[in-house]
Amino acid sequence: MSAALSAPLAARTADATPAPGGRVGAPATATAGATATASSPTPAIAPTAAFRLPSSPAARLHHQIRLQWPITRPELAASTGLSQPTVARGVTALLDVGLIEERPDLITGTGAGRPRIPLAPAKSRWLHVGAHMGLRTTHIAIFDTVGRVLRETDLDLPLDAVAAEEAIDSIIAGIHRLRTGIARPLRTVGAALSGHVAADGTVTSRSYGWGRTDLVGMLSDGLGLPALAAPDVAAMAASELAATPLRADGERLPTSLYFYARELIGVAWTVDGAVHRPVHGDGSISHLRAPDSDLLGGETLKDAVGATGVLAAARDHGVRAESMADLIGAAQTNSTARAILDERARILGLAVANVADIVDPAHVILAGAAFTDDAAGLRVAARTIADVSPVRRDIRVSRARGTITRDAARAVALDPLHSDPLSLA
C-alpha cells in the first residue's frame with residue numbers, strides 16, 4: 001500500500017448540531033475499546049438508494065419531526081395532511097422503537113386545557129456511517145439518526161491512481177479506525193461516488209477508471225453491515241430533499257436541476273419529490289466536449305474547468321498558484337488570474353444553460369467549489385446563463401457550502417432510515 005494510503009487518519013470530532021437537513025452482512029458489533037452492545041437482526045436493504053420524499057405515514061412523521069421539532073401531534077397532522085388517528089398510530093410506533101421522544105420540558109403556552117406535549121428526535125440506539133468518494137479525497141463521517149455528525153475524517157486517496165479493491169480496502173480500514181471506541185453499533189454504511197451504481201450494487205466509474213466493481217458487497221463484507229451506494233451528485237440533490245419539510249396540501253414539488261462542479265462536473269434533477277436515477281449513466285458530464293478557449297485548454301469539460309486543468313492553465317499563463325484558493329486570492333490583484341477564473345465561470349454557465357434548456361426545471365441549484373468559492377465567478381456564470389438561455393431561470397446556490405461532500409455521504413447512509421424508519425428498528 002502506498003504511503004498516502006497507509007498514513008494515519010486525523011479523525012476530528014464535530015459539534016453534534018442538527019443537519020439541515022446490498023448485500024446483507026453480519027450484525028454490527030462494537031469495535032476494540034468499545035462497550036459491547038446487543039444488536040438487532042440485520043435489516044435487509046436495497047444496494048441502491050431510493051432518494052425520494054417519504055411516503056409511508058411513519059416515514060413522513062419521522063421526516064417532519066426531524067426537521068421541525070419540537071412539534072406536537074396536532075401540528076404534525078396539520079403539516080403532513082395525515083389524519084389524527086394515523087398520526088397517533090405513527091407516533092406511537094416511532095416512540096416504541098426509540099426514534100423520537102416526548103419532551104414535556106418544551107411545553108409552551110398557558111392556555112386552558114391539557115397541554116400538548118411536544119415531540120423531538122431521541123438519542124438513537126444505533127448510528128450510520130457514510131463515505132463520499134471524491135477523486136482525490138474520501139470524506140468519512142458517522143451520523144446519528146437525526147443526521148448529526150459524531151465523527152468525521154478525510155482520507156487522502158487518489159481513486160484514479162489506485163486499484164479499486166485497494167481503494168475500497170482503505171476506506172473500510174478508515175471506517176474501522178473512525179468507529180473505534182464508539183459503543184453504539186453502526187446500522188448501515190452508504191457510499192456516494194462518481195460512477196454508475198447497478199441494481200446489484202456493483203459500480204462502474206469512468207472518472208476512476210473502474211470496471212464493474214462490487215463496491216456494495218465489499219463494504220458489506222468488510223464492515224459486517226448492510227451497505228448501499230449512489231452517484232454522488234444524485235446524493236447531493238437528495239440532501240436538499242432531506243432538508244425539505246413535507247407539504248400538507250399535497251402540492252407537487254417543483255422540478256430542480258442540481259449542477260455540481262469542482263474537479264468533476266455532474267448533474268442530477270429532482271422530479272415529483274424524487275431524484276431521477278439514470279438507467280445507465282451516473283450524471284457525470286465531465287466527458288462532454290468543452291468550447292474552444294484561449295485561456296483554458298483540454299477537450300473535455302473536466303480538462304478545461306476541473307480544478308486540476310484550471311491550475312495547469314494558470315501556470316501556463318505565468319500565474320503561480322498551488323490551489324484554487326491561491327488562484328482566487330491572486331485574482332484580487334492579478335488580471336490574468338481573474339480572466340482565467342471568469343473564463344471557467346463562462347464555460348460552466350454555458351454548460352448549465354444547455355442542460356437546463358433540455359431538462360427545463362423550475363429551479364437550478366449550483367453547487368460545488370467552482371461556484372461557491374469564487375463570488376465574482378459565480379456572477380459571471382449567472383450572467384452567462386441569463387444571456388444564453390431563452391428562459392429566465394431561477395438560479396440558486398446550494399445551501400451546503402463547505403459541507404457538500406459530508407451531506408452526500410449522509411444522504412446515502414441514512415436513505416434506508418428516511419425511506420422506512422421502522423424497518424431498521
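Reply: The second largest cavity is lined by Ser194, Gly195, Asp232, Val233, Tyr260, Leu264, Ile265, Gly266, Asp282, Ser284 and Ser286. A cavity here is a set of points, on a 1 Å grid over the protein atoms alone, where a 1.4 Å probe fits but cannot get out, and lining residues have an atom within 4 Å of a point. Two or more residues of this lining come from each of α7 (232-242) and β12 (265-271); helices (H or I, at least four residues) and strands (E, at least two) are DSSP runs, numbered from the N terminus. The space amounts to about 60 Å³, where grid points are joined across faces, edges and corners and the volume is that filled by probe spheres set on the points. By class, four lining residues are nonpolar, five polar and two charged. Ala, Val, Leu, Ile, Met, Phe, Trp, Tyr, Cys and Pro count as nonpolar, Asp, Glu, Lys and Arg as charged, and the others, Gly among them, as polar.

The model is predicted: local features need pLDDT of at least 70 and side-chain atom pairs pLDDT 80 or more, while totals for chains, interfaces and linings use all residues. Residues are numbered from 1 along each chain as its sequence is written, and side-chain values use heavy atoms, without hydrogens and water.

Phe259 belongs to strand β11 (residues 256-261) and Phe371 to helix α12 (residues 369-372), 112 residues apart.

Terms used
1 Å grid on protein atoms, 1.4 Å probe; cavity = no way out; pocket = protein on both sides within 12 Å on 5 of 7 lines; lining within 4 Å.
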